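These are my notes for a colleague who is meeting this structure for the first time. Please read them with the model open.

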Amino acid sequence: MSCEQLVPAFIALNRLKRSRDLCKAIVLVGFNKVCGTRDFDNELDRRALCELFCCCMTGGMGQRCVAGVVMQADGFEGYRGYYKQEVPYLNKAPVMSRNEPVRPTRSRPAGSRIPDVVVVKNPRLPPVLDNVRRVYEMKFPGDKFSSDLGPDGRSQLQAYTYIFEDKFQKDALDAGSCACDSDGENANESVLNQAAQWQANREKVISLSERVNKDTAAAVGAAAGASALGRVLRGVGTVGSALARVLGLSF
């Protein structure tokens with residue numbers, strides 16, 4: 001099962017979260033917190049990432065699948081998305097790419113800690129700690145928090161708690177917490193589908209507006225051609241068209 005079809009949905013969710021339509025477009029079934037609150041935002045992100053987790057678990061690609069979808073969606077947005085995959089943190093600071101400072105490095109600096117997904121507050125800013133909203137670890141079947149001590153003298157869970165404090169979601173996303181079934185779906189109403197539907201409706205409105213504008217321009221042009229002044233201005237080409245715009249003439 002390919003999860004690449006979720007890339008456009010994450011792109012749509014990134015755009016929806018930047019718009020004023022979020023509270024109209026997204027319904028979190030069974031969740032009673034008010035849209036716009038921190039609890040609502042965290043639940044929205046958790047459900048979206050759970051949908052991705054379930055898909056990637058069923059496809060058997062695990063964390064590589066998650067990272068690929070999130071990276072593609074973020075890259076499409078010029079690395080101005082809310083969701084960041086595998087950001088390395090060294091001395092409590094994100095390590096950014098030297099060639100593309102807008103995105104985290106894809107290398108694994110020695111001694112760094114690399115959580116699976118970081119959600120930022122402001123997508124136009126780097127994932128520094130003050131801009132981090134939530135940090136998630138995903139544990140696929142057979143995986144768990146490592147108890148091995150790293151160069152910082154801490155286990156994986158201890159290190160993430162030390163770096164991110166209460167922004168770190170200590171309960172990892174897994175098949176149980178995400179309510180995945182055998183078909184890669186989860187029991188929650190799909191927030192990614194709702195975001196994709198919002199984007200589709202938005203594109204229809206834009207397309208309709210463009211078509212109306214095109215038809216209107218054609219009608220105005222035909223009217224201009226039928227008038228005496230319009231024929232004169234057409235005869236002098238672009239200068240006449242510019243003059244007509246300056247004068248505010250309509251035909």
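1. Just after α3, Gly 60 takes a positive phi of about 80 degrees. The model is predicted, so that local features need pLDDT of at least 70 and side-chain atom pairs count only at pLDDT 80 or more, while totals for chains, interfaces and linings use all residues. Residues are numbered from 1 along each chain as its sequence is written, and side-chain values use heavy atoms, with hydrogens and water left out.

2. Of its 22 residues, 17 are buried (under 20% relative accessible area, with exposed over 50% and partly exposed in between, for a 1.4 Å probe and protein chains only).

3. Five disulfides (pairs of cysteine sulfur atoms within 2.5 Å) are found in a search of the whole structure. Counting bonded cysteines along the chain, their pattern is 1-6, 2-3, 4-9, 5-10, 7-8.

4. One of them joins Cys 50 to Cys 178, with an S to S distance of 2.1 Å. Because Cys 50 lies in helix α3 and Cys 178 in the loop between α5 and α6, the pair ties together parts that are 128 residues apart in sequence. Both cysteines are buried.

5. Another disulfide links Cys 54 and Cys 180, whose sulfur atoms are 2.0 Å apart; the torsion about the S-S bond is about -85 degrees, so this disulfide is left-handed. Cys 54 is buried at a relative accessible area of 0%, and Cys 180 is buried at 17%.

Terms used:
Helix = DSSP H or I, 4+ residues; strand = E, 2+ residues; numbered from the N terminus.
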